[in-house]
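These are my notebook entries on a structure that I consulted for the first time. I record what I looked up, one topic at a time.

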Amino acid sequence: MNNVILKHIIRFVVLITIQVLVLNNVLFMGYINPYIYILLLLLLPFDTPRWLILILAFCLGISVDAFQNTMGLHAFSCILIAYCRRPILHFLLPQLKNKKQSYLEFSLQEFGFQRALIYTGSLVFIHHFSLFILESFQLELFSIVLRTLGSSIVSITLLIIIQYLLFKDSKR
Amino acid sequence: MRNLLQFISKNHVLLLFILLELCAFLMIVQNNHFQRAAFINSTNGVTANIFQTLSNWKNYFSLKSANEQLALENAKLQTLLSYKEENDTIASILAKRYIPAMVINNSIAKRNNYLTLDKGFKHGVEKGMGVVTPNGVVGIIKEVSEHFSSVLSVLHGKSKTSVVLQHSHYFGSLEWKGENYQTAAVNDIPSHVELNIGDTIISSGYSFIYPADIPIGTISKINTKPHKNFHQIDIQFLEDFKQLKYVYITEGVLSNEVKELENKNE
């Protein structure tokens, strides 16, 4: 149990550091800005209480916001995907509904590449779309969609690679 | 209460979600200049229209009080004006005070017409005062109660108003024949006086009821028979009595003194 908490605290710190120090300074082609810190939310154990996920998402978002001077922006998107996480998981993995008490977390190796892609892709898309809508705060649909698609593709690619590497390491 | 707690415990995730999202959204609007500006601007766009419409309606409803204020102001100005002319003649100060009043009941179609005004002895109205507008005389105060007064209209069989010709100052008396509320007859002007259609008739001020020099009407018809001593003239009222709304009640400040003097003569 303690082990799990410690692991996630470390993940929290590492992900935010990478996000803030490296990826926020990256702006491919002027509009693509990948966000990978949401990996923390993707990889929380399946039976984490939902209220805890929501609060964690809020803290995570606010931490990223604090570095970017965009108070509340990332928090909003993070809470949104934290809320959407369970329905999507239940849709992809129906067997989870019956299972209780498992510290199991989502793993690419265990559940297959296709499911991992759908799971990661849908949450990243929701996150980025809401984020860019709030950021522009106007109905510039074309530029929002463009930025969402561009950034989502990069983010998803990065996240899949990270997940692949992560579990390869942990299994070792 | 139990139901409420049950509801909260059942939907705690959804409620927490909504609460946190609201917090985040408020923070976005509060702390980010761009979003705040955009949010406030868009709200302004909506609210400004609403406020505009609302204030239009409000203005409409306050028209009444605005009108009353203007009438009051007019009365003050009239009073000031008459003070200014004080030096000329004593007659010009005979009618001094103006009390603005609103017509709350009016008739023009009967043979003998009366009006009701919304000012009574509480406001200083007394029996026998004159009622005028800038475009003519309206009548004489006949009865006064605390808040209201009734006016014997110029459009009344017993009403006789002393008038003069504006250009020559021959005086006559104005009577209403009871047919058309827009016309009246003027008698007692000597037949040697030259008249033209369109000449203006003004109030004389002789009776001390009305102030002098208020325009009343213009000559519309001269049907004087030959070898008669007096003209028979029809005039057209300048004031539209059908649309009368705001009037002034006038008080001749020295009218009592004049009346006493005149009584001694008889």
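**Entry 1. Chain A in outline.** I began with the elements of chain A and found seven helices and zero strands. Helices (H or I, at least four residues) and strands (E, at least two) are DSSP runs, numbered from the N terminus. Read from the N terminus on, chain A runs α-α-α-α-α-α-α.

I noted the basis of the entries: this is a predicted model, in which local features need pLDDT of at least 70 and side-chain atom pairs count only at pLDDT 80 or more, while totals for chains, interfaces and linings use all residues. Residues are numbered from 1 along each chain as its sequence is written, and chains are lettered from A and ligands numbered from 1 in the order in which they are written.

I next looked up burial. Of the 172 residues in chain A, 34% are buried, that is, 20 or more other C-beta atoms, placed from the backbone, lie within 10 Å of their own. I then turned to contacts, where two residues count if their C-beta atoms, placed from the backbone, lie within 7 Å. Among the contacts in chain A with a separation of 6 or more, 67% are between residues 24 or more positions apart.

**Entry 2. α4(A) against α6(A).** I looked up how α4(A) lies relative to helix α6 (residues 113-136) of chain A: the axes come within 9 Å and cross at roughly 155°. Axes are lines fitted to C-alpha atoms, for helices over the stretch in contact, and angles run from 0 to 180 degrees between N-to-C directions. The two helices are therefore roughly antiparallel to each other, the term for angles over 145 degrees. The crossing of α4(A) with α6(A) is right-handed, meaning that the near helix is turned clockwise from the far one by less than a right angle. By class, this contact has 13 nonpolar, five polar and three charged residues. Ala, Val, Leu, Ile, Met, Phe, Trp, Tyr, Cys and Pro count as nonpolar, Asp, Glu, Lys and Arg as charged, and the others, Gly among them, as polar.

**Entry 3. Where chain A meets chain B.** I found 16 residues from chain A and 15 residues from chain B in the contact. On the side of chain A, α3 (50-68) and α4 (73-92) each supply at least two residues. That side divides into eleven nonpolar, four polar and one charged.

I then followed α4(A) across to helix α2 (residues 12-31) of chain B. Their axes come within 8 Å and cross at roughly 160°, and α4(A) and α2(B) are therefore roughly antiparallel to each other. The contact is made by L73(A), A75(A), F76(A), I79(A) and Y83(A) of α4(A), with partners in α2(B) including F17(B), L20(B) and E21(B). I count no polar residue there, but eleven nonpolar and one charged.

**Entry 4. The barrel of chain B.** Which strands close into a barrel? Six do, in the order β6-β7-β8-β11-β10-β9 of chain B, with antiparallel pairing. The twist from one strand to the next averages 45°. Strands pair if DSSP finds at least two bridges between them.

I checked individual pairs. Strand β6 (residues 161-165) and strand β9 (residues 200-203) of chain B are joined by three bridges, and V164(B) has I202(B) as its bridge partner. Three bridges also join β9(B) to strand β10 (residues 215-222) of chain B, where T200(B) stands opposite T218(B).

Note on methods:
A residue is buried if 20 or more other C-beta atoms lie within 10 Å of its own, exposed if 12 or fewer, and partly exposed in between; C-beta atoms are placed from the backbone. Angles under 35 degrees count as roughly parallel, over 145 as roughly antiparallel, 65 to 115 as roughly perpendicular and the rest as oblique.
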